[in-house]
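Opening the notebook on a new model today.

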Amino acid sequence: MKQTLKTNINVIQETIENHLPAGNEEPTVVAVTKTVDEKTMRDLHALGVKHFGENRPDVFLKKYENLADINDEIQWHFIGNLQTRQVKKIINDIDYLHSLDRLSLAKEIQKRAEQPVNCFIQVNVSGEDSKSGFQPDALADTLKELEAYDKLNIIGLMTMAPIDASQEEIHEYFRFLKELQVEVEQSNFTNAPCTEVSMGMSQDYPIAVSEGTTFIRVGTAFFKDAL
Ligand SMILES: *Cc1c(COP(=O)(O)O)cnc(C)c1O
């Protein structure tokens, strides 16, 4: 099983190398561990994986506790919808939040965080009603407002492509997010260096890499045939 994990890690690594634009640095790979237990996470860690992504506060807390002995070598990413009342439970234990999708969440983080939290603003690039996140044309106003929130460090933008998008459409959505990121970075908002992009999951991370992402969030591709 660990052997299969190793094979999958190698496949992901090779796929990244094959799609990386010339001159780009390799993106940080977040292993989305929401479907696996601590045993598998320890195997991943032993194979060199240091970034874990979770999407449920209670599951994250349980794993965080059970992996306490290796915790200082792990970066924890919270990638899912975060309810306002759950913020205080996890905000001081995570290293990155990928899903800052509304102002009320920012407000609660400002109230509960002891140190600035690395956040990605989630952007709804496709404009689908069902998707959470800020509309692209609301970003500038949002960032202006967030300048007063010194417990947020906006390190980048995050998105998810619609599940029914074609390869070509996914390219367009990801290219668009990258352009938005550069625009925000160049606007020099306070508390928003915005140098990073979080996009690409098991189905579409090769496209995200080719469009210059700096973080990918991959679950299924790690655990295929390994459990
Ligand atoms: C589950 C999840 C992922 C990983 O999805 P896979 O298809 O398993 O790679 C990435 N991002 C978010 C927000 C998720 O919820």
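How far does helix α1 reach from its first C-alpha to its last? I looked it up in this predicted model: α1 covers residues 2–19, has 18 residues and reaches 26 Å, close to the 26 Å expected at 1.5 Å a residue.

**Entry: α1**

Next I checked which residues of α1 are buried, and got Leu5, Asn8, Ile9, Ile12, Thr15 and Ile16. Seen down the axis of α1, these fall within an arc of 125°, so they line one face of the helix. The face turned away from the buried side of α1 carries the exposed residues Gln3 and Asn18. What do the buried residues of α1 pack against? I found β1, α2, α8 (205–210), β8 (215–218) and α9 (220–223).

His19 also lies in α1. His19 counts as partly exposed because its relative accessibility is 33%, between the 20% and 50% cut-offs. Leaving out residues up to four places away in sequence, His19 touches Pro206, Val209 and Ser210. I also looked at His19 against Asp72: they are 53 residues apart along the chain, and their C-alpha atoms are separated by 31 Å.

Helix α3 runs over residues 57–66, and its buried residues are Pro57, Phe60 and Lys63. Down the axis of α3 they fall within an arc of 130°, so here too I have buried residues lining one face of the helix. They pack against α2, β2 (51–54), β3 and α4.

Then α5, residues 103–112, where Leu105, Ala106, Glu108 and Ile109 are buried. The arc for α5 is 165°, so its buried residues line one face of the helix. What covers them? My list includes α4 (87–90), β4 (96–100), β5 (117–122), α6 (139–146) and β6 (152–158).

**Entry: what the record says**

Over residues 5–224 the chain is 40% helix and 17% strand, and the end C-alpha atoms are 8 Å apart.

The UniProt annotation "modified residue: N6-(pyridoxal phosphate)lysine" covers Lys34. Where does Lys34 sit? I found it in the loop between β1 (28–32) and α2 (38–46). Buried, exposed or in between? Lys34 is partly exposed, because its relative accessibility is 43%. Setting aside residues up to four places away in sequence, Lys34 touches Gly53, Glu54, Asn55 and Lys63. Lys63 was already on my list of buried residues of α3.

**Entry: the largest pocket**

I looked up the largest pocket next, and its volume is about 630 Å³. Its lining has 29 residues, and Lys34, Ile79, Met160, Met201 and Arg217 lie nearest the centre. So the annotated lysine turns up again, because Lys34 is one of those nearest the centre and carries the UniProt annotation. α7 and β8 each supply at least two residues of the lining.

**Entry: two buried positions**

His77 lies in strand β3, residues 75–78. Its relative accessible area is 1%, so I put His77 down as buried. Beyond residues up to four places away in sequence, His77 touches Val30, His51, Phe52, Gly53, Glu54, Tyr96, His98 and Phe215. Gly53 and Glu54 are also among the contacts of Lys34.

Pro162 is in the loop between β6 and α7 (167–187). Pro162 is buried too, because its relative accessible area is 6%. The C-alpha atoms of Pro162 and Asp72 are separated by 35 Å, with the residues 90 apart along the chain.

**Entry: positive phi**

Which phi value does Asn188 have? I got a value near 50°, positive in a residue other than glycine. Asn191 has a positive phi of about 65° and is not a glycine either. Asn188 is in the loop between α7 and β7 (196–198), and Asn191 is placed in the loop between α7 and β7 as well. Asn188 counts as exposed because its relative accessibility is 64%, whereas Asn191 is partly exposed at 23%.

How values were computed
Residues numbered from 1 in each chain as written. Predicted model: local features only at pLDDT ≥ 70, side-chain atom pairs only at ≥ 80, totals over all residues. Heavy atoms only, no water. Helix = DSSP H or I, 4+ residues; strand = E, 2+ residues; numbered from the N terminus. Buried < 20%, exposed > 50% of the residue type's maximum accessible area, 1.4 Å probe, protein only. Contact = heavy atoms within 4.5 Å. Arc of directions from axis to C-beta. Expected span 1.5 Å × (residues − 1). 1 Å grid on protein atoms, 1.4 Å probe; cavity = no way out; pocket = protein on both sides within 12 Å on 5 of 7 lines; lining within 4 Å. Points joined across faces, edges and corners; volume = space filled by probe spheres on them.
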